[in-house]
Amino acid sequence: MSRSFRRLMWAITALTSLVTSAAAGSTISARDWDAYKASFMGSDGRIVDDGNSGISHSEGQGYGLLLSYLAGERSDFELIWAFTRTQILLRDDGLAIWKWNPAASPHVSDLNNASDGDILIAYALALAGDAWERIDLTEAATGMARAIGKVVVKDDQARIILMPAATGFGAEERSDGPVINLSYLVFEAFPVLARLAPETDWERLSRDGRQLIADARMGEKKLPPDWLSIHMSPKPAEGFAAEFGYNALRIPLYLMRAGDIDKDMLTILRNGMTGPNGDVQVVELPTGNVRKELGEAGYRIIPALVSCVVDGTALPKDLLTFVPSLYYPSTLHLLALSFAAEGHQECL
Amino acid sequence: MKSRLLGAVIIAGAAVFGQQEIGNDVDFWPSFAGSAEESPSAGADTSQLAQAPQSSPELPAADAPEVDESALRFFARQGDKRRLEAEISRLKALYPNWQPPENPLSIPPNRDTKLDMMWELYAKQRYGEVRKAIAERQAAEPQWIPPEDLLQRLSVAEARERLVNASDLQQYETVVRVGSEIPSLLTCSDLDVLWRVAEAFAKTGRQGRAKDVYSYVVANCDDANERLATMQKAIGLLPRPDMDALLAAERTGTDGKKEFATIRAELARQSVAMSETDPKIEVSPADLALVETLATQGNAPDALLLGWYNLTRNKIKQAEEWFRKAYDLEDDAKSSQGLALALIALSRSAEAEAIAYDWRDESDELLRTYLAAAANLLATDPPPQVEPSVLERIVETAAKAKDPATAQQLGWYAFALNQYDTAARWFGQALAWKADDEPSAFGLLLSRERLGDRAGVAAIQRTWAGRSTRIADLGRTVNNPRKLRQTDAPTGAPGGALLAPIPYVQDTLPTQSPPEAFTTSTPNPPSRTIANDRQSPRQPPRRRSCATSNVPPSTLSPAAALDRGWCLMDVNRPLEAVSAFEAALRSGSERIRSDAAYGQSLAYLRAGLSDNAAVSAAKAPQTRRHGKELETAILASRALEAFESGRYVEALMFLDQRDAIAPQQVDLMILRGYAFMNLRRWSDAQRIFQAVAATGSREGAKGLSILKETRRDVSESPRN
């Protein structure tokens, strides 16, 4: 893709994100949202990660805000935002504390942030602020967008990268640092954050992030690892499982949702991650050995959606109905269905 | 920009709670706002701060009070008196012309049940659910407008929750930011929030602003307990001049008592305590006088403070009086330590020793205090009469602590009592615990000289060649070793300082010292030496007292002299025994001569003079058993002596010779281990200590642990 074409794409994406947010159409049905919140939302607005001992985190709050926005459920959005604001959006730098444990006292034991959680929260706030003409939400989104740009968006050699957190992953903190997580790049959020915090080059972050995904694909199956060291040439980070797993499987979903349909890239990712029966595979890198097959609908819908977008194959019927399983695949499921409902009716 | 905004925020705050008071807000607020100039507030904050004045609600005009009393009604109905009162004072502040109903509890309830539900959730602090309920109702009833009062209170309550959470997590910038955004949080009705904001200011380097907050409280808030608590919070965070400024707002109670008396006391104590270790820090006479008053009234910790204060300033007599007072009030570790140190400084070491003894096991510091007292007691000139029980416990403690300074003083003490043999052992022990202890080497030298051990003297002089003039110079007669060690001690050597008070004896070094298993940790009776152990097959019969007899042995018959010799051995006076055995050697009886030579050899061994022992052993034919026993003991003694002089290779050689003729002994294995360690033959040392440990001896494990430590020290030392 030429540079000018990329710029054009960026502009279009930015525009569409504005249009869709202004429309605030419910791309998630009330039935699906009700099922989701009955399973994962506490009466205090806390999104519960039931696959992870019932803790909560900034990612979950961000997803909860985004999904309730996409469902057009303002009152639940208020509830989730109230919890987020008072319980985790407390860091001096304006970012959210990543983890909140209901079983521990105090609930917070680690003050670090998680950049994808921050991006998701800021993004959802910005969308809601625009759609519902809520200055307070836009202001909060702006504060977070600025903080994200300042604290975790960093220059690294000739590129811009997203650090996974404010501390713990940098070149000076790890021998194989910087270590990044490519699935923390919520591409669809960047044009929105760019309007709020223009001092950060979100467009380049987006472009360099896509390039890193291309460069980090390794092994026979050409998949990127969950945690990537870019200290030298890209390789799996030390201390993490060297695999394409629960983190990275979101990457094609995020790429599609951002509206940038790079068919070659999506096809390669789909082919690498999909098992013979359509399950998503956790793949050891670079050997390509399959460590686990994930059969929940929320995982399977990702490669299926790629097939629809790339080849025009409609989604299998069993994936069209949302039935909550665990928090994480359920969240991915709703994001995928919302994407299809928004601009790809042919998939449904 | 920043200062303008914070000023605006602060002034908005004043409008809310300034109603309660007073004309002095003119003095107060400008300094509060003015200090914002120095604010190092982060750039990220400004955007948020910028929003604050715009979003803060407009205050209604005073003459048109359209007062929303729904909250009031709700709290009244709930019987929640505290919230009711808070709401009344809040509404009064907002609407100065508004009059609260005379009996709020008689206010009729709201008829709006949905709104009631919202207030109920609010009262349960479920603020997110209130937000949710408002949004739901707005969706269902588009014309419905939530009461401004509810929205405001919700914002304040949520901000409070956020502020408290951020404060608990030490996110002080967030605390300041939230506090600035919602100035109505900062009121006398919620001092916890004010305290947290003040703390956040102080912890982010804005003491001036912290002080302003505390000043506001003591100027405007009336609850006596809260005022006192505010001052207590401030003590930990504000410098003294700021505290003095706050104290100016002190009120006097109806009982005539000053409300901040405890604060003044605490500040005075702090000031004395801070100067406790540094005589250059001055304490104001007022502070000192206050603490003295408190101490005189019977507060032991205050007396203790004054003890340290005076001790540091070399006012020993006063220190002793205050420590004595503390000690009489509470006999605990701290007071006895202070008192002991003062007594040492007053050259009353016997009292110091007795006081420090009870608490010696409390901590290393107290142990050092006790040993200092003991060392100073022993160093008293002329040598004092020390009770045997006292001496015994000094010996026991010194051995347990492996303290070279006390060992050295025990050496000098024995030396002064002409017990040169005992002295030599203690000096040797001191050297074993601290190989470079020159005063102990010098003491050992003098002791050997007195014992006539020329070879031993020469050995020390060889070992210390080039390191000590006085050791090298010994050749002329030395009459007063005590004088010598005072005047000739090399600069900085502990020996020079021993007669002066020594509050802290220097630490024992982790030198490769053989522990008590094989050597003379308790040289005063009962004396355990290698030779003594070896002679165990022959237990001389109990005899009448021989120690008091002044008859020269040469005048005795050989048989009587032999008896005297064994008797003296029994009471551990080996050098006198040597003379007695010498007289016995003149006997015509081969049996007596053989026995005398045997005894003399043992006596020399016990005195640590193995060369002489060897000569004695040859003076008369020995039974095979005695001969072998002596030879074994002499080799062991030579090994020990070589070890003590730092000639480890020779020590190993003697041990090899000894082991060739007699079974292994655990204590000598330990000696071998330490010799290896000193030669840095780590793996050999390791092997030996492991073998020792396998016999069940604790010394094996100890050796292994010292070995480990030594190896680490060596590997960490850049010079090695």
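1. Contact here means heavy atoms within 4.5 Å. The model is predicted. By that rule, 23 residues of chain A meet 22 residues of chain B. The two chains bury about 1900 Å² between them, with 53% of it from carbon and sulfur atoms. Lys132(B), Arg162(B) and Leu169(B) supply 29% of the area that chain B buries against chain A, more than any other three residues.

2. Polar links cross this interface. There are 14 residue pairs in polar contact. On the chain B side, helix 3, helix 7, helix 8 and helix 9 each supply at least two residues. Helix 7 of chain B gives the most, with six residues. By type, the chain B side has nine charged, eight polar and five nonpolar residues.

3. Two salt bridges span chain B and chain A. Lys132(B) pairs with Asp76(A) at 2.5 Å, N to O.

4. Over all chains the structure holds 63 salt bridges. In one of them, Arg348(B) and Glu320(B) have their closest N and O atoms 3.8 Å apart. Arg348(B) sits in the loop between helix 18 and helix 19 of chain B and Glu320(B) in helix 17, so the bridge ties together parts 28 residues apart in sequence. Glu320(B) is buried at 5% relative accessibility; Arg348(B) is partly exposed at 27%.

5. Asp656(B) bridges to Arg672(B) at 3.0 Å between the closest N and O atoms. The pair links helix 35 and helix 36 of chain B, with the two residues 16 apart. Asp656(B) is partly exposed at 44% relative accessibility, and Arg672(B) is buried at 10%.

6. Shared partners join several salt bridges into one network: Asp34(A), Lys37(A), Asp76(A), Lys132(B) and Glu136(B).

Terms used: Residues are numbered from 1 along each chain as its sequence is written. Chains are lettered from A and ligands numbered from 1 in the order in which they are written. This is a predicted model: local features need pLDDT of at least 70, side-chain atom pairs count only at pLDDT 80 or more; totals for chains, interfaces and linings use all residues. Side-chain values use heavy atoms; hydrogens and water are left out. Buried area is the accessible area (1.4 Å probe) that two parts lose on being put together, summed over both. A salt bridge is a side-chain nitrogen of Lys or Arg within 4 Å of a carboxyl oxygen of Asp or Glu. A polar contact is a pair of N or O atoms within 3.5 Å; within protein, one must be able to donate a hydrogen and the other to accept it, and residues adjacent in sequence count only if both atoms are side-chain atoms. Helices (H or I, at least four residues) and strands (E, at least two) are DSSP runs, numbered from the N terminus. Ala, Val, Leu, Ile, Met, Phe, Trp, Tyr, Cys and Pro count as nonpolar, Asp, Glu, Lys and Arg as charged, and the others, Gly among them, as polar. Buried means under 20% relative accessible area, exposed over 50%, partly exposed in between (1.4 Å probe, protein chains only).
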